[in-house]
Amino acid sequence: MSTTNRLGELLVREKLISLQQLRQAQEEQRKTGGNLGYALAKLGYISDGEITNFLSSQYRVPAVNLDEYELDNEVVKLVSKDVCEKHKIIPISRSGSALVVAMADPTNLHAIDDIKFLTGFNVEPVVASETGIHAAIERAFNAAPVASYDDVLSEFASEDIEFSVDADDVNVLELEKQAEGAPVVRLVNAILLNAIKKGASDIHVEPYEKKLRVRYRIDGVLIEEMQPPLKLKNAISSRMKIMASLDIAERRLPQDGRIKLKLGKGKEMDFRVSVLPTLWGEKIVMRLLDKSNLQLDMTKLGFDVRPLDDFKWAIHQPWGMTLVTGPTGSGKTTTLYSALSELNQPAHNICTAEDPVEFNLHGINQVQMHDEIGLNFAASLRSFLRQDPDIIMVGEIRDFETAEIAVKAALTGHMVLSTLHTNDAPATISRLLNMGVEPFLITASLNLILAQRLARKCCADCKVPHPVTDREALLDFGFTPEQVSATQMMKGVGCKTCNGSGYKGRIALYEVMRFNEGLKEMVLQGASTAELKAAAIKGGMNTLRMSGILKVMSGMTTIEEIGRVTIGD
């Protein structure tokens with residue numbers, strides 16, 4: 001028996017309407033196509049409120065007036081508009097694992113089972129009029145259409161977007177073909193393309209209990225971009241995993257992959273994809289690798305004259321080790337690639353061990369690490385030494401074994417480039433000692449240590465002079481009195497170019513410690529990191545903070561930004 005017939009019979013049985021009134025209302029319903037409650041109310045036989053109160057009393061469930069109820073959009077969107085219209089229901093609130101759903105017919109077990117299956121919540125029905133439910137559905141779903149993000153990125157509609165997959169990935173191709181044309185495909189394309197347009201370095205897709213969040217890392221700072229409907233989280237993650245040739249059926253283990261986008265006109269963009277299972281779903285982080293924007297000219301990276309001369313001296317030595325240090329995302333790889341680009345001559349055999357290989361460099365033998373099969377930095381280094389190399393680049397020195405082989409390679413006639421995670425250049429010596437490398441091996445092999453950070457630049461379109469108001473604060477920050485007097489600070493006020501942030505692009509800060517005979521002697525005598533730092537500064541080294549101050553004085557960045565990325569001396 002249909003909901004309409006059951007409701008009509010109950011109203012007649014309880015003598016709230018007559019059988020003749022029911023027949024007339026059913027005839028009106030057939031003509032207008034509306035619901036029975038609307039027809040009864042239109043003919044004046046009974047009001048919507050009376051019908052709702054009757055059902056509430058009949059089935060012992062609470063009644064709600066949806067016209068006076070403020071709906072929670074996040075809760076409403078747990079169920080699609082089609083399902084709401086089909087069952088004449090709408091979710092109105094959530095408490096713990098229970099979902100409160102307004103229903104025209106609270107006895108409709110089929111609807112309750114459907115909602116429970118779709119959302120995973122237990123359903124607590126309340127009764128509302130059909131008219132009220134219909135109005136609430138229109139109000140909730142027409143207010144914020146799901147596809148609005150596509151409209152924002154309409155200029156990308158003409159781009160031909162395709163991604164590269166291996167020819168033998170038959171299942172992935174079939175899944176991709178099935179997903180083609182779905183709204184989620186356009187949404188994912190928009191997320192990727194907008195990240196390219198805004199110059200983002202990373203995309204974060206993060207599921208939480210009540211929302212799904214997409215953030216971009218622009219110039220080193222995370223900015224929230226959008227909140228897609230929570231119900232799309234599995235569809236978005238599956239689409240991204242298909243594009244990265246990952247297993248969409250595996251949702252319990254981390255996975256890593258790569259997406260290659262072809263954007264027409266010969267432009268390509270690589271996305272390094274990392275999938276991590278979290279409490280509320282799979283978090284996906286994508287690192288954008290834009291080959292066309294790779295800056296390999298060392299003179300344009302932000303080096304001052306003397307540090308650049310020292311760095312070039314170190315990498316052009318016939319043997320020895322040059323180390324680049326800094327946190328993740330500080331531009332270490334770009335600096336090393338710049339050095340390799342300068343050293344890349346037909347007379348040199350260059351081998352690199354990387355995890356992962358971020359950019360393909362012509363003329364250089366690059367090896368991707370695979371720890372799961374035993375191909376790590378130490379194993380690669382051993383193999384390199386049998387490959388007659390001139391220059392070796394190791395992605396990172398993480399342990400004693402890798403450090404020992406790198407030092408021995410530097411001592412046996414090879415130029416070795418590598419990275420470490422330390423806060424500044426002098427602290428690198430302590431790190432190597434703590435790993436177990438002997439002091440005499442460090443002093444015999446090390447040519448130079450370079451520490452670096454990336455600071456945001458003032459937006460060129462909106463930066464204006466910013467007067468110095470607190471002289472004492474600048475002196476405390478590290479400025480000399482002469483520098484305070486000579487400084488004309490600049491600050492971005494915010495514009496369309498920089499999305500109102502006042503910053504656009506980044507510049508590198510460098511701390512270059514040339515390992516001279518005086519420093520080597522101090523290491524052999526067991527000097528502390530603080531003593532090494534003081535001696536290096538006395539010898540002409542600019543610390544990261546000093547390098548930042550010079551960038552502030554030249555109007556390239558702000559004192560707030562330098563304070564964010566460096567620590568005081």
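A residue is called buried when its relative accessible area is under 20%, exposed when that area is over 50%, and partly exposed in between, as computed with a 1.4 Å probe on protein chains only. By this criterion D270 is buried, with a relative accessible area of 2%. The model is predicted, so local features need pLDDT of at least 70 and side-chain atom pairs count only at pLDDT 80 or more, while totals for chains, interfaces and linings use all residues. Residues are numbered from 1 along each chain as its sequence is written, and side-chain values use heavy atoms, with hydrogens and water left out. Helices (H or I, at least four residues) and strands (E, at least two) are DSSP runs numbered from the N terminus.

**Strand pairing**

- Strands are taken to pair if DSSP finds at least two bridges between them, and strand β5 (residues 200-207) is joined to strand β10 (residues 281-289) by four bridges in an antiparallel arrangement.
- Within this pairing, H204 has V285 of β10 as its bridge partner.
- Strand β9 (residues 268-278) also runs antiparallel to β10, with nine bridges joining the two, and F271 stands opposite L288 in β10.

**Salt bridges**

- The structure holds 25 salt bridges, each defined as a side-chain nitrogen of Lys or Arg within 4 Å of a carboxyl oxygen of Asp or Glu.
- Side chains of opposite charge can pair when their charged atoms come close.
- One of the salt bridges is formed by E138 and K81, at 3.7 Å from N to O; this pair links distant parts of the chain, with E138 in helix α8 (residues 130-143) and K81 in helix α6 (residues 81-87), 57 residues apart.
- Both ends of that pair are partly exposed, E138 at 26% relative accessibility and K81 with a relative accessible area of 24%.
- R258 forms a salt bridge with D270, in which the closest N and O atoms are 3.4 Å apart; because R258 lies in strand β8 (residues 255-262) and D270 in strand β9, the pair ties together parts that are twelve residues apart in sequence.
- In this pair R258 is partly exposed, with a relative accessible area of 27%, whereas D270 is buried at 2%.
- R514 and D310 meet through their side chains in a salt bridge of 3.3 Å, N to O, and this pair links distant parts of the chain, R514 being in strand β19 (residues 503-514) and D310 in helix α13 (residues 305-315), 204 residues apart.
- Here R514 is partly exposed, with a relative accessible area of 34%, while D310 counts as buried at 11% relative accessibility.
- Salt bridges that share partners also join E206, R213, R215 and K283 into one network.

**Helices**

- In helix α17 (residues 427-435) the buried residues are T428, I429, L432 and M435; they cover an arc of only 125 degrees around the axis, which puts them on the same side of α17, the arc being that of the directions from the helix axis to the C-beta atoms.
- An α-helix has 3.6 residues a turn, so residues three or four places apart point the same way.
- The axes of helix α21 (residues 517-524) and helix α22 (residues 529-538) come within 10 Å and cross at roughly 170 degrees, which makes α21 roughly antiparallel to α22.
- Axes are lines fitted to C-alpha atoms, for helices over the stretch in contact, with angles running from 0 to 180 degrees between N-to-C directions; angles under 35 degrees count as roughly parallel, over 145 as roughly antiparallel, 65 to 115 as roughly perpendicular and the rest as oblique.
- L519, M522 and V523 of α21 make the contact with E531, L532, A535 and A536 of α22, where contact means heavy atoms within 4.5 Å.
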